[in-house]
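Hi,

Have a look and then read on.

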Amino acid sequence: MRSFARRFGVLIYIAVSACQSDKPLAPLSSLARGAQTGSSRVILPSPPAGSSTAVYVGDSIQLSSKLSTKRKNPITWSSSNSLIVRVNTKGLAVAAGVGSATITASNSTGSEQWSFTVAQRIASITVTPNPVSVAVGATVTLVVTLKASDGSVLTGRPISYQSLNTSLATVSSGGVVTGVSSGTTSVVVTAGTANNIVTSTIPVTVGSTSPPPDTGGLGLNAALTRAFFPPDNPWNTPIDTAAIDPNSAAIISNIGLTTSFHPDFGANYNGGPFGIPYVVVTGTQARVNVSFDYADESDPGPYPIPPNPPIEPGSDAHVLVVDRDNWKLYELFAAQRLADGTWHAGSGAIFDLSSNALRPAGWTSADAAGLPILPGLVRFDEVSAGNITHALRFTVSRSRRAYVYPARHWASSDTSSLRPPMGMRVRLKAGVNISGYPASAQVILRALKKYGMIVADNGSNWFVSGTADARWNDTEINTLKALKGSDFEVVRMTGIVTP
């Protein structure tokens, strides 16, 4: 089952503050007025000797030395690291790689030096979701991915957000869009610094009201008549026509081509139902305090935990609670009730089920990937109704030290690009014949083709999660074990976040 890991730190800067020193980095705008943005090559005039200057890979700087060259006294140019900045005999320096280097001009009269810090130039910006749909009073978090011309993801660049009509929608410095009143507007996302600024304009539609409260049942594994999250949420987005990832075959092979698909839920194992149960409560359910092992990445609560909630058997000990009236989801990992009536857990997360808001970048949740658990479970009420309209949750034994939208956290030390990152999505191949399966199994198989499943935790390979429910027909559900890893393919991934 799960191997829980602490986060590996990721910093995303939303605003820029200048760090002063004796010799501050000179912004590019002070060197070349009107210089180009994007991935264009830039030729800069010489900064003064003794300065420290920030440039981008591909930039050229024509250095100018004040050393005397009279009496046949030529200047010799050299670089402390030609892999970072190289220089020719005429003093033309070219930024060749990421890092820092010093260029020196010298002859018999003395020497001069220029220091350079080189970064990758931002070549593209992608913002998700795009466009944005949000209800009045609800929120959506924008996820910004910056890439260099070689396709690598860039982090640590300043990002700012601006709403073009704050009477309709506002946006925070962290990219959280809040619906104010009905209408359409746009949010402009700007990333980078002088000489390398990229922008993206995101249409925003604000609906009149949030959806009505759920009118489903209460209690253990109660039927829910309302979808988790808005229709454009990643969990609810079909991927049956999406492109296949270039590394799909290798990643599937590493998970296991001949390994059987395994429904990790059912009615009877060791004398009772197995899987992950949940409970539905009203908005008046009493709240209790919860302490956490990983408090810095947990939502403090309090949590509306009923007196005897269902707890997942085993070390994961998940507790999942749906507040039906306020339409919020509360999830705990490694939960235990203490003698004084309070609760302790490894980690905990609260999700507004009317919003597309994500966890902060680098944060876990009650799941390793920083995702909610319940929206990815195979539920009895959906299967019995004949339709699942969302992606499912599954585990792999060896994940990558990386995550991809909508995940927010990794849980591995393996940096291989051929391992699955948290948040990776797979789907059942369109050509897999499902006609011979029982009707209940076909409901799940259709969802696997249309919505796929998302890597959410470390565990056994190809284990798909569902509810612990005595109503399952284990004989029918177990027919899914006929599937093999080779029946799946990886949906194309963009914006993978790595250390």
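Predicted model: local features only at pLDDT ≥ 70, side-chain atom pairs only at ≥ 80, totals over all residues.

S25 and strand S29 (residues 343–345) run parallel to each other, paired over three bridges; two strands count as paired if DSSP finds at least two bridges between them. Helices (H or I, at least four residues) and strands (E, at least two) are DSSP runs, numbered from the N terminus. Within that pairing, Phe292 has Ala345 in S29 as its bridge partner. Both strands belong to an open sheet of three, in the order S25-S29-S28, with mixed pairing. Strand S25 (290–292) and strand S28 (336–337) are at the edges with a single partner strand each, so one side of each has no neighbour in the sheet.

Residues are numbered from 1 along each chain as its sequence is written, and side-chain values use heavy atoms, with hydrogens and water left out.

More on strands

There is another open sheet of three strands, ordered S10-S13-S14, and here the pairing is antiparallel. Its edge strands are S10 and strand S14 (153–154), each pairing on one side only. Strand S13 (residues 143–147) is joined to S14 over two bridges, in the antiparallel sense, and Leu146 finds its bridge partner in Leu154 of S14.

S9 is worth a look too. With S3 the pairing is parallel, over five bridges, and Ser52 has Ser115 in S9 as its bridge partner. With strand S8 (residues 99–107) S9 pairs in the antiparallel sense, over nine bridges. Ala101 stands opposite Phe116 in S9, and a hairpin takes the chain from S8 to S9 through two residues.

Salt bridges

I count a salt bridge when a side-chain nitrogen of Lys or Arg is within 4 Å of a carboxyl oxygen of Asp or Glu. The structure has 12 of them. One joins the side chains of Asp59 and Arg121, at 2.8 Å from N to O. Asp59 sits in the loop between strand S3 (52–56) and strand S4 (60–62), and Arg121 in the loop between strand S9 (110–119) and strand S10 (124–128), so this pair ties together parts that are 62 residues apart in sequence. Is Asp59 buried or exposed? Asp59 is buried, with a relative accessible area of 0%, and Arg121 counts as buried at 5%. For these labels, buried means under 20% relative accessible area, exposed over 50%, and partly exposed in between (1.4 Å probe, protein chains only).

Arg398 and Asp414 also meet through their side chains in a salt bridge, 2.8 Å from N to O. Both lie in the loop between strand S31 (392–396) and strand S32 (425–428), so the pair links parts that are 16 residues apart in sequence. Arg398 is partly exposed at 46% relative accessibility, whereas Asp414 is buried at 16%. In the salt bridge between Arg471 and Asp469 (2.8 Å, N to O), Arg471 is partly exposed at 45% and Asp469 is buried at 5%. Then there is a network of salt bridges that links Asp367, Arg393 and Asp457.

By a nonpolar core I mean a set of buried Ala, Val, Leu, Ile, Met, Phe, Trp, Tyr and Cys residues joined through side-chain atoms within 4.5 Å. The largest one has 72 residues, and Val426, Ile444, Leu448, Met453 and Phe488 have the most contacts inside it. Helix H3 (residues 439–450) gives this core its largest share, six residues. Contact means heavy atoms within 4.5 Å; leaving aside neighbours within four places in sequence, the contacts of Ile444 include Phe265, Val378, Leu392 and Leu480. Apart from this core lies another, of 25 residues, among them Leu154, Ile159, Ala169 and Val189.

Last, helix H1 (residues 248–256). Its buried residues are Ser248, Ile251, Ile252, Ile255 and Gly256. Seen down the axis of H1, they fall within an arc of 115° (taken from the directions from the helix axis to the C-beta atoms), so they line one face of the helix. The buried residues of H1 pack against S31, S32 and strand S35 (488–490).

Cheers
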